Amino acid sequence: MSSELYKLIIQGAESIFGKTSVALKEACGSKGRDQAFEFPDTAYYLPVIYALTGQPVRTLGDMEAALDRARTMLSEIAGRHPGEPTLGDAAEAGIASLFSVELLLALGAMRGQEGKGDSQGFIPDTIMRTLGVQLVDGTIPGIAVLVGAAPDDETAVKTVRELQEKGILTLIAGRGAGSNIAEQLRRSGVEFGWESRIVELGPEAAHAFYAVSWAIRASLIYGGIKPGSMNEHLAFQRERVPAFVIALGAPDAELLALGAGAIAFGFPVISDQDVPTVIAGGVCPNEALVGVTDYDKLVRRAIEVRNLKIVVSKPPVPVPYGPAFEGERVRKENTFLEFGGQRSPAFEWLRTRGVDEIEDNRIVVVGRDWEARLKKGGILPLGILVEVAGRKMQTDFEGVIERKLHSFINEAHGVWHMGQRDIIWTRIGKEADREGFTLEHFGVIYTAMIHNRFGAIVDKVQVTLYLDEEDVLSVRNEARAAYLERDRRLGDLTDESVDTFFSCLLCQSFAPNHVCVISPERLGLCGAYNWLDAKAAFEIDPTGGNQPILKGELLDERYGRYSGIDGYLKKASRDTIETLNMYTIMENPMTSCGCFECVIAIVPEANGIMIVNRGFEGMTPVGMKFSTLAASVGGGVQTPGFMGIGINFITSPKFIRGDGGIRRIVWMTTEIKERIRDAFIKRAGEEGTPDLLEKIADETICEEVEPLMEYLGRVSHPALVMPSLLG
Ligand code: SF4
Ligand code: ZN
């Protein structure tokens, strides 16, 4: 039985190889072997071929060499166990199919046939970096590759909603027109996009390959595994990338061959057909291939087979709920109730109370005729007061929990929230209203989710919602005083004023040696965790990913080196990092995992540094784009002269203080400038260079080093007269 299946797989691999050979010959004939090709925004050429063989494919000629590799593999397989192929043969044929299909898709892209319409096509490096934190912290617990079409639209929607509610990222490929789950979903009005966690890769089964080409970026970017180390890459994928395939409809030989490729990566295939079960010990923890013909059980079985740990926390509200709904908007014309956003006064404020002062899970609405007003819809003022109590609650955690109120509300399907503190703006959509969702459910969500996420520090939660303008204004005054006080306390929090920093080890599930050291004046490089977040996380889970580090003795004041940090790092980085300087990029700087918001690089000619943000696709004065720069700093290693950082670190007084601080910045993108403008101007004033921001070049001024030097000279940039950066 299995041997029949393996034969089919090998046939499929040969068939894909054949198609690719023809397409490649044609392309070489019409364009010549020197014709160059690259996928958009990647530093890894054709990523799967590059990672597994070490060969950078840059031209059609390179493609011929890569295809030869697939040819050799296939002929070896054919000679090994003629007529009686083994599982190992099938897996190798799977890998050969991945090589062939990667070339085939590249050839298609060259002809301009890929990534058309709504589909994503090739997935750029940036997306792996952006989603990295969510993948390592479990917010995205798994990646489903959905191929084919469901028997009907309803089943398609049900399957995808089930994946969405579990937070799973779903990547979709069809099997030609009329057999495409993306079409089924679109007909039913399902929203696509990275934020909704449903992404269409393309209309053909071959497009499912883009999921594999994306997954391999995890071991290249985070794992720091060398291109060409095939076994190490495959081991990383099997152990750390929580992907699986759901194949809908009867598979043909080519799809089976691609499926075998997925299995070689450790991604099990769950089919809705009555297929033979395949076990591949050491590759997939449970079944490698399994048939599940009952659609009600499909997703659940897939999760079991892939061994995903999914903690779903759904508050009792009458709409779907989960992080996959966080990104959706509620448009004006679909709005039923609206609060804040310049249209009415609104705020949210979380404060600590004594255990006896509040009643757990109590939700109070205050306002004249509030029930009738909420039923009518329209624009209303809104004051949200969340009071919490708990023996382990600290006032320092108020801001940490308050910032979460935003996503707690946004995760409700059909409800939208923006901003924080006294600049919130929130909408309840007409659809949510029809499903029975009302403002009181805000209270339900807050109480349930705070207990759920912060149960270790919060024992009681009480929510008051104010709807009368005079109440909103008067409580808002109290809230504003509290925000000010909170900011003052935060401002007093410096690296010197505490004796403990925190580590963040979350990214170790992707970058095994990487450690973020988070201090009051330096947040994690992904931008998602600051010192208070880490402190609260440690209180919540003392054995979790954030651990306290006693600073110990200050060994080097200028560079920020501490004995306690060094001692901790040695252990936590598995002996790969001996010592760390917190405030320089020149010597033993912080390591990078891969999900940094920005990269800093020295510009030796200018005696300064430049900063480029993730998502910026243009050229920079060091002659590298973000994707290339980023590829040289990942994998948990120290790279003097280069470093990944969180964007808000730029305006910290400790930002490369040992190298001269912000006056070293000679170039940074306009996006960064805009995002930190106010704080930067303030910091520049403190440094005695109030007009620094204008003196810093950006992409609208130059993208190369000569015009940069000219510009810096013209504006008398301070870096030009600072001591040499190179020492
Ligand atoms: Fe990863 Fe550092 Fe962010 Fe933690 S703080 S999630 S280790 S990048
Ligand atoms: Zn990271």
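Predicted model: local features only at pLDDT ≥ 70, side-chain atom pairs only at ≥ 80, totals over all residues.

Guide: Residues are numbered from 1 along each chain as its sequence is written, chains are lettered from A and ligands numbered from 1 in the order in which they are written, and side-chain values use heavy atoms, with hydrogens and water left out.

Visitor: How far apart are the C-alpha centres of domain 1 and domain 2?

Guide: The domain assignment gives domain 1 (3–306), domain 2 (323–491) and domain 3 (500–721), with bounds from an automatic or database domain assignment. Between the C-alpha centres of domain 1 and domain 2 the distance is 43 Å.

Visitor: Which residue forms a salt bridge with aspartate 459?

Guide: A salt bridge is a side-chain nitrogen of Lys or Arg within 4 Å of a carboxyl oxygen of Asp or Glu. Side chains of opposite charge can pair when their charged atoms come close. Here the closest N and O atoms are 3.9 Å apart, and the partner of aspartate 459 is arginine 391.

Visitor: How many residues apart are aspartate 459 and arginine 391?

Guide: Aspartate 459 is in the loop between α15 (440–454) and β15 (460–466), and arginine 391 in the loop between β12 (382–389) and α13 (398–410). Helices (H or I, at least four residues) and strands (E, at least two) are DSSP runs, numbered from the N terminus. The pair links distant parts of the chain, 68 residues apart.

Visitor: What is the distance in space between aspartate 41 and isoleucine 445?

Guide: Aspartate 41 belongs to the loop between α1 (2–31) and α2 (47–53). In sequence, aspartate 41 and isoleucine 445 are 404 residues apart; in space, C-alpha to C-alpha, the distance is 39 Å.
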